[in-house]
Amino acid sequence: MKSGVLAMGGAEPNQNKRVTITDVARHAGVSVAAVSKVLRNAYGVSPGMQEKVRAAIAELDYRPQAAARGMRGRTYTIGVLLDNVRNAFFADILDGIQEELRTSEYTVLIGAAGFDPDEQAKTIRSMVDRQMDGLILIAPGTSRAEVLATAAATPTVVIGHHDATDTHDSVVDADDTGAGLVVDHLVALGHRDIALVAAPGTRANQWKRTPEVVLAGGYRSAMERHGLTEHVRVHHAAYSDEGGFKAGMTLLTMERPPTAIMTGADVAALGIYRAAHELGMRIPEDLSLVGYNNTALAALATVQLSSVDQAGHTMGSTAARMLIERVEGRRDRSMQTTMTPRLVQRSTTAAPVSP
């Protein structure tokens, strides 16, 4: 038992009984209404009252029931949707979200729904049903109509998709610029056969400007700018180690394999790295390889993967800050914030070996 946690009159509280707002009010010597105001960060609560009530909350280890808080208008929970917990870039985004909300009353709950659009939609609906105050959707695969309908009722930030709307906020990377940085770098090294491995996406979900679409557009434009249109090669694969491995095995066993491959995610690049190793190819001597996201994996001493940094931590913190502005009514117009990518050059890119 925590020291000093005693009910009024000196009796020890029932260990199995959940502490209520009434218990907090009695312990602090204030009214239930005063405690409620502190919990809601209501206007007009004096610093002394704040200190007294929050001390009682800490001493009693009081945790408001989410359902009850929802009935009063807010549950102080934020739902985050992602498709793949193995994608290290999502960890960077989550770190940014958590850091932004660390000193607030909000708790982050994560829904790892997989790649299936229907499963993602089911997870989003579950978050809404649990009265979460707001949602952050990381590159959702569910339909745009579903997201727009959700965002019309629940404050929502979408990370990744470039489709503009008045309904939800967006945080995106200038993916076309990022692709251009990679192509420019590889061409400067002497490469011409440069392939792109990007996520397949789906037309059925109605998103027109997903990260992979914008990335592929930037890649094609950069290749055209360098007079390499006939060398354009886009291979679609899931952003996973297995997806990258399969893509690598396909591309690197072609009659005319590329001398350089860029991918839309570091995790896929590592799968290609594994495929090259299995085929007896050396990186960067036989194949130059560039990832995207600049995750911690890219900087590992044994990998040293060249990668495009799109500031995942900043994307997460920005999304959280934008969401809370909407949740708390400090802004009622949608915004789109764009990150500026930069290429981090490491040891997986070099000039192609002359035949």
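1. In this note, a contact means heavy atoms within 4.5 Å of each other. The model is predicted, so to speak of local features takes a pLDDT of at least 70, side-chain atom pairs count only at pLDDT 80 or more, and totals for chains, interfaces and linings use all residues. Residues are numbered from 1 along each chain as its sequence is written, and side-chain values use heavy atoms, with hydrogens and water left out.

2. Let's start with Thr348. You'll find Thr348 in the segment after strand 12 (342-344); strands here are DSSP runs of E, at least two residues, and helices are runs of H or I, at least four, numbered from the N terminus. Leaving aside neighbours within four places in sequence, Thr348 is in contact with several residues, including Tyr273, Ile283, Leu289 and Val303.

3. Is Thr348 buried or exposed? Thr348 is buried, at a relative accessible area of 1%; buried means under 20%, exposed over 50%, and partly exposed in between (1.4 Å probe, protein chains only). The Thr348 side chain also reaches the backbone oxygen of Leu289 at 2.6 Å, a polar contact being a pair of N or O atoms within 3.5 Å, where within protein one must be able to donate a hydrogen and the other to accept it, and residues adjacent in sequence count only if both atoms are side-chain atoms.

4. Strand 8 and strand 9 (residues 288-292) pair in the parallel sense over 3 bridges; pairing takes at least two DSSP bridges.

5. On strand 8 (residues 260-263), both faces are covered, with Ala260 and Met262 buried on one side and Ile261 and Thr263 on the other.
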